[in-house]
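Please find below a short note for a colleague who is meeting this structure for the first time.

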Amino acid sequence: MTTSQNAVEFGKTVETIPNGPGAAAILAAGIGCAAIGVPAFVSELSPGLRGLLNFYNPVGPLSGKTSVTIIVWLIAWYGLSRIWQRETANMRTVNVAALILLGIGFLLPFPPFWYLFV
């Protein structure tokens with residue numbers, strides 16, 4: 001009896017369970033992490049965009065940054081999960097892409113990084 005990482009045995013046939021929805025969630029999380037960094041970085045370089053992202057005055061531009069991030073994350077998760085609904089994704093590629101996007105999400109809101117461009 002052999003088993004693989006994504007296989008379930010039913011009698012003599014082996015059915016592969018698609019990992020696409022899980023891969024979509026992981027990649028969407030990475031996209032969401034990068035999505036918080038991009039508006040944070042760009043709003044520091046552009047005062048006009050900083051004012052545009054001010055959705056609620058007591059909070060300031062952070063309200064727009066987080067609102068845009070949540071919208072981007074939800075759209076990415078919904079879209080990827082619909083596309084990969086019955087697919088088996090290469091998890092190594094998905095995880096590497098998610099980690100790179102996570103790194104972008106950590107780097108872009110970091111003020112010493114902004115000062116390289118200001």
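Is Val118 buried or exposed?

1. Val118 counts as exposed because its relative accessibility is 70%, where exposed means over 50% relative accessible area, buried means under 20%, and partly exposed lies in between, with a 1.4 Å probe and protein chains only. Val118 is found in the segment after helix 5 (111-114). Together with Leu45, Tyr115, Leu116 and Phe117, Val118 makes a nonpolar surface patch of about 600 Å². Such patches are made of residues with over 30% relative accessible area and no salt bridge, with nonpolar side chains (Val, Leu, Ile, Met, Phe, Trp, Tyr) joined within 5 Å and like charges within 9 Å; the areas come from the Shrake-Rupley method with a 1.4 Å probe, and for residues only the protein chains shown count as cover.

2. This is a predicted model, in which local features need pLDDT of at least 70 and side-chain atom pairs count only at pLDDT 80 or more, while totals for chains, interfaces and linings use all residues. Residues are numbered from 1 along each chain as its sequence is written, and side-chain values use heavy atoms, with hydrogens and water left out.

3. As for the overall layout, the protein has 5 helices and 2 strands, and along the sequence these follow the pattern β-β-α-α-α-α-α. Helices (H or I, at least four residues) and strands (E, at least two) are DSSP runs, numbered from the N terminus. Of the 118 residues in the protein, 27% are buried, and the protein exposes about 7,900 Å², of which carbon and sulfur atoms supply 68%. Among contacts between residues at least 6 apart in sequence, 67% join residues at least 24 apart, a contact being heavy atoms within 4.5 Å.

4. Helix 4 (residues 91-107) has 17 residues, which at 1.5 Å a residue should span 24 Å, and its end C-alpha atoms are 24 Å apart, which agrees; the expected span is 1.5 Å times one less than the number of residues. The buried residues of helix 4 are Val94, Ala98 and Gly105. They lie on the same side of helix 4, because they cover an arc of only 30 degrees around the axis, the arc being that of the directions from the helix axis to the C-beta atoms. An α-helix has 3.6 residues a turn, so residues three or four places apart point the same way. The buried residues of helix 4 pack against helix 1 (20-45), whereas on the other side of helix 4, Arg92, Leu99, Ile100 and Phe106 are exposed. For Leu99 the relative accessibility is 58%, and the C-alpha atoms of Leu99 and Ile26, which are 73 residues apart in sequence, are 9.5 Å apart in space.

5. Which residues does Thr69 contact, leaving aside its neighbours within four places in sequence? They are Gly32, Ala35 and Ile36. Thr69 counts as buried because its relative accessibility is 10%, and its C-alpha atom is separated by 8.6 Å from that of Ala34, 35 residues apart along the chain.

6. Two loops deserve a look. Gly60 is found in the loop between helix 2 (47-52) and helix 3 (61-83), is buried at 9% relative accessibility, and touches Leu53, Asn54 and Phe55, not counting residues up to four places away in sequence. Gln85 lies in the loop between helix 3 and helix 4 and is partly exposed, with a relative accessible area of 37%. Neighbours within four places aside, Gln85 is in contact with Pro18 and Pro21.

7. A search of the whole structure finds 1 salt bridge, meaning a side-chain nitrogen of Lys or Arg within 4 Å of a carboxyl oxygen of Asp or Glu. The side chains of Arg50 and Glu44 meet in a salt bridge at 4.0 Å, N to O. Arg50 is partly exposed at 30% relative accessibility, and Glu44 is partly exposed with a relative accessible area of 27%. The C-alpha atoms of Arg50 and Gly60 are 8.6 Å apart in space, with the two residues 10 apart in sequence.
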